[in-house]
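Q: Could you walk me through this structure? I'd like to ask things as I go.

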Amino acid sequence: MTDFVLEAHDLLVEKGDKVLLDIAHLGVLRSEVLVVIGPNGAGKSTLLSVLGLLEKPTGGWLAFNGERLDSADLLPYRRRMAVVFQEPLLLDTTVRENVSLGLKLRHFPHDRIEEKVRLWLDKFNISHLAGRSGRTLSGGEAQRTSLARAMVLDPEVLFLDEPFSSLDQPTKESLLSDLKRILLDKRTTVVMVTQDREEARFFGDRVGVLLGGKLRQLDRTDVVFRSPASEDIAGFVGVENLIHGIVRSVEQGLLKIVVGDVVVEAVGSQGPGKKVLLTLRPEDIMLSKPGPSAGTSMRNHFRGIISEISDRGALWRITVDCGFPALAFITRQSGIEMGLSPGTDVVASFKATSVHVIESGG
Amino acid sequence: MDLIWQGMLEAFRLLIKGDREVIGIMLLSLEVSGAATLLSLLLGIPVGAFLALSNFSGRKLILGMVNTGMGMPPVVAGLLVSILLWRSGPLGFFRLLYTPSAMVIAQFSLAFPIVAGFTMAGIGQINPRLRMQIVALGASRWQMLLLLLREARLPLMAAVMAGFGAVISEVGASMMVGGNIKDQTRVLTTATVMETGKGNFSLAIALSIILLALVFAVNLTLTYIQQKRRPA
Amino acid sequence: MKKLMIFELLFLILFGLAQACAPSPGAPSSSPTPAPPVSASLPSTAAPSAASVPTTFLTPAPTESPKEVIKDVILSTTTSTQDSGLLDLLIPVFEKQTGYRVKTIAVGSGQAIAMGQRGEADVLLVHSPAAELQFMTTGAGINRRLVMHNDFIIIGPSSDPAGIKGESSAARALEKIFQAKAVFLSRGDESGTHALEKSLWKNASLDTSSQSWYQQSGQGMGATLNIASEKGAYTISDRATFLSSSRNIGLQILVEGDKSLLNIYHVIQIDPAKFPRVNGAGGKAFADFMVSPEAQDLIGKFGVEKYGQPLFFPDAGKPE
């Protein structure tokens with residue numbers, strides 16, 4: 001229990017008769033970066049408000065370091081956390097004043113404030129902006145200020161509410177890498193909400209998928225992205241190959257699934273007759289020229305024709321029509337060596353264990 | 001036109017000579033309007049902030065009243081306060097009528113809605129998410145309020161100037177509840193009206209010029225303070 | 001938040017009380033030296049008034065607690081009386097002698113009497129006999145006593161288009177103005193002067209309503225004189241105000257001396273029995289003072305030095 005810095009139990013948030021959040025349990029582990037992803041309206045910001053003690057839930061309770069929080073004075077707990085929002089929300093004063101804000105609120109002595117502020121301005125590379133007015137900064141500079149303002153407080157939990165969504169790509173990239181480095185260095189516990197899957201992949205130790213106010217899956221990042229637990233999660237998480245089929249038979253844990261005219265073999269727990277959804281990572285598909293194969297452990301081989309090739313520099317995204325549309329990632333090198341182009345006859349192969357089977361709603 | 005020139009000379013003469021009666025009238029104007037403005041700040045700023053930040057049934061009605069109060073004709077305010085302070089009125093036993101205190105009360109009733117209205121607008125235009133951010137950084141209720149007031153300092157300064165300007169230049173209320181009594185409740189505005197009525201135009205203009213100079217000096221100081229605190 | 005508001009409300013009330021308890025601001029005025037001819041000076045006072053006695057404030061009415069005496073006396077009078085400057089002479093003397101502090105409220109006759117009607121004043125000094133008698137029948141006023149009189153004059157442009165100069169009868173002068181349709185400016189503000197003017201027209205059987213040459217300023221005597229001077233109009237004024245503003249006014253005295261032009265002043269106390277909040281003792285003291293030999297003497301001497309003639313004629317004790 002005490003591995004969790006923050007825990008939410010039976011969380012319920014209602015507005016009128018609309019249920020915004022309904023989560024049985026959510027725990028944030030010490031020093032982890034937990035990213036909660038979901039589409040607009042899923043309840044992400046509400047979740048962050050509740051966890052950050054800014055909003056009271058309709059039902060349920062929270063625990064901080066194992067200590068149950070009642071609705072009495074939450075101020076001391078709030079002072080052990082910090083929040084950064086999508087907009088920088090700086091005060092109409094200098095960058096230095098803004099960054100010192102939290103420390104001043106906590107009545108830190110003046111010289112200690114100066115010291116800490118200087119340190120964190122430096123860490124975020126904005127020391128040269130110390131005397132500038134918060135209103136005159138660019139988006140990236142302002143967001144760095146907001147982050148410095150939060151980190152200078154040495155928070156036990158740092159909340160980030162879509163902090164990069166209003167930045168342009170290059171600004172975002174430079175800030176993302178700076179921030180990840182700082183967070184790793186300090187081993188801060190972070191809860192971040194975002195819509196961006198790439199951010200989640202880049203930052204998160206664990207990822208939670210929030211759809212319609214419910215936490216549908218919470219697991220290590222690679223697990224969520226490789227093995228989404230259901231169709232809508234898969235849709236949101238952006239798995240590239242989504243294939244519909246029906247289980248024909250099960251033999252020693254190996255499923256034979258009818259997909260159109262072909263049969264795909266995969267490992268799963270569903271029974272015969274079940275409608276299923278298969279997910280397959282493009283990296284896991286191998287392409288080869290038709291001809292005798294040397295005998296591989298791969299159980300799935302499908303002959304097809306390349307319908308499209310998208311050149312992404314070092315990587316080629318090749319779509320093959322082999323009874324179902326399959327997207328594969330091939331290195332450019334291989335693609336050239338093999339002389340692949342639209343219309344080429346190829347065989348797409350993949351292991352049964354690479355296929356993730358989800359029960360499909362229908 | 002030479003009447004105005006004569007008035008300016010007269011104003012100069014009275015001030016340089018330190019004419020006791022005129023100085024007394026000036027000081028009383030400043031005291032009464034200053035006190036009224038100060039009181040309206042003490043009450044008006046919290047009320048304005050409260051109205052901006054809170055939600056309760058009937059809020060729109062109160063907002064409407066404040067906005068109406070901003071345009072209240074001074075003579076009407078004076079009449080209403082008189083009725084309250086008359087001997088036969090509900091507050092008659094205080095014996096406040098025809099005293100500077102009555103004038104402070106009447107002027108307060110004019111300045112208060114102005115200050116509250118400006119504060120309400122100034123705080124109301126602050127991004128509501130900023131309020132959340134301030135709380136999220138660990139501010140207590142009071143700390144948040146003070147920070148918001150600081151954020152709205154430009155419109156708040158405007159509130160002070162508007163409130164003070166409104167009351168030091170009004171005559172209707174001061175006349176009604178003060179009575180323009182020599183050495184007791186005579187201020188620059190009521191003295192000007194009286195001298196005009198008597199036909200002493202030069203003197204009336206001189207008093208007007210002194211009043212304008214006073215208002216200008218005060219507002220210049222406040223403007224300087226307001227603009228100085230503007231971030232670079 | 002609510003606690004703060006309650007606290008501030010209390011503060012406001014306390015402040016208000018404190019303000020009223022403090023001695024009145026403003027040093028007693030010494031006379032400003034007369035200005036060079038062009039501008040008028042503030043009225044001069046004969047003697048500096050004594051330091052005002054601080055108002056005691058949450059005191060019960062004198063009848064209940066004889067030890068605490070209310071020092072404020074509200075004197076309701078007319079603008080022309082105040083503008084003449086006579087009160088600036090008399091009141092400091094009264095205040096020094098008795099220790100009372102007089103609050104002179106100068107308004108139109110109508111309002112002055114109305115204030116008395118409501119018990120909002122302690123004593124009246126007015127000059128509107130018809131309205132006063134009406135007022136006395138209501139029982140709100142007691143002890144109506146004759147104080148002094150001054151007179152009105154008919155003034156106009158030196159060109160005198162209606163040819164009234166030297167006319168001994170006010171009624172005949174007005175008739176001539178009526179016939180000539182010469183511009184006449186009335187105060188039109190229900191003041192004592194206005195009441196007298198209206199009665200003159202009435203007694204001469206002349207109807208001034210809907211006559212375009214008959215205009216009304218709605219203002220005090222000084223302003224009315226200025227407007228009349230600008231327009232070259234005839235008007236009626238009290239002698240005192242005319243004399244003190246004659247430098248600026250391009251009008252001349254054309255008709256004077258008629259008995260109907262007399263302006264008679266009475267002092268009336270407001271009955272404390274009828275209005276418990278009235279300062280009966282103070283009102284009486286002031287009224288007594290106005291008819292006292294000392295005040296009467298001062299009244300008779302007022303203006304002689306400056307204008308070469310007295311502005312008021314003391315009448316206390318004489319038959320009406």
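What follows is a chat about the chains, their contacts and a few local spots.

Q: What should I know before I start reading residue numbers?
A: This is a predicted model, where local features need pLDDT of at least 70, side-chain atom pairs count only at pLDDT 80 or more, and totals for chains, interfaces and linings use all residues. Residues are numbered from 1 along each chain as its sequence is written, while chains are lettered from A and ligands numbered from 1 in the order in which they are written.

Q: OK, which pair of chains shares the most contacts?
A: Chains B and C do, out of the 2 pairs of chains in contact. Two residues are in contact if their C-beta atoms, placed from the backbone, lie within 7 Å.

Q: And how far apart are the nearest C-alpha atoms of chain A and chain C?
A: They are 18 Å apart, and chain A and chain C do not touch.

Q: How many residues of chain B are in contact with chain A?
A: On the chain B side 16 residues, meeting 20 residues of chain A. Helix 6 (128-136) and helix 7 (141-151) of chain B each supply at least two residues of that side, and helix 6 of chain B gives the largest share, 6 residues. Helices (H or I, at least four residues) and strands (E, at least two) are DSSP runs, numbered from the N terminus.

Q: What classes of residue are on the side of chain B that touches chain A?
A: There are 9 nonpolar, 5 polar and 2 charged residues. Ala, Val, Leu, Ile, Met, Phe, Trp, Tyr, Cys and Pro count as nonpolar, Asp, Glu, Lys and Arg as charged, and the others, Gly among them, as polar.

Q: Switching to chain A. What are its domains?
A: Chain A is divided into domain 1 (4-235) and domain 2 (240-359), with bounds that come from an automatic or database domain assignment. Their centres, taken over C-alpha atoms, are separated by 39 Å. The contact takes 7 residues from domain 1 of chain A and 6 residues from domain 2 of chain A.

Q: How many helices and strands does chain A have?
A: Chain A has 10 helices and 20 strands, and its C-alpha trace spans about 75 × 45 × 35 Å along its principal axes. Of its 362 residues, 38% count as buried. A residue is buried if 20 or more other C-beta atoms lie within 10 Å of its own, exposed if 12 or fewer, and partly exposed in between, with C-beta atoms placed from the backbone.

Q: Why is helix 3 of chain A called largely enclosed?
A: Because 8 of the 11 residues of helix 3 (residues 95-105) of chain A are buried, the rest of the structure largely encloses it. Among the buried ones are A:Arg96, A:Asn98 and A:Leu101. The buried residues of helix 3 of chain A pack against strand 6 (81-84), helix 4 (110-123) and helix 5 (139-151) of chain A. Just after that helix, A:His107 takes a positive phi of about 60°.

Q: What about A:Val207, buried or exposed?
A: A:Val207 is buried, having 25 other C-beta atoms within 10 Å. This residue sits in strand 9 (residues 206-211) of chain A. A:Val207 and A:Ile37 are 170 residues apart in sequence, yet 7.2 Å apart in space, C-alpha to C-alpha.

Q: Which residues touch the most other members of the largest nonpolar core?
A: A:Leu278, B:Ala102 and C:Val123, in a core of 216 residues. Domain 1 (4-235) and domain 2 (240-359) of chain A both give residues to this core, so it lies between them. A nonpolar core is a set of buried Ala, Val, Leu, Ile, Met, Phe, Trp, Tyr and Cys residues joined through C-beta atoms within 7 Å.

Q: Last one, chain C. At what angle do helix 6 and helix 7 of chain C pack?
A: Helix 6 (residues 170-180) and helix 7 (residues 192-203) of chain C pack at about 80°, with their axes 9 Å apart. Axes are lines fitted to C-alpha atoms, for helices over the stretch in contact, and angles run from 0 to 180 degrees between N-to-C directions. Helix 6 and helix 7 of chain C are therefore roughly perpendicular, a label for 65 to 115 degrees, with angles under 35 roughly parallel, over 145 roughly antiparallel and the rest oblique. Among the residues making the contact are C:Leu174 of helix 6 and C:Trp201 of helix 7 of chain C.
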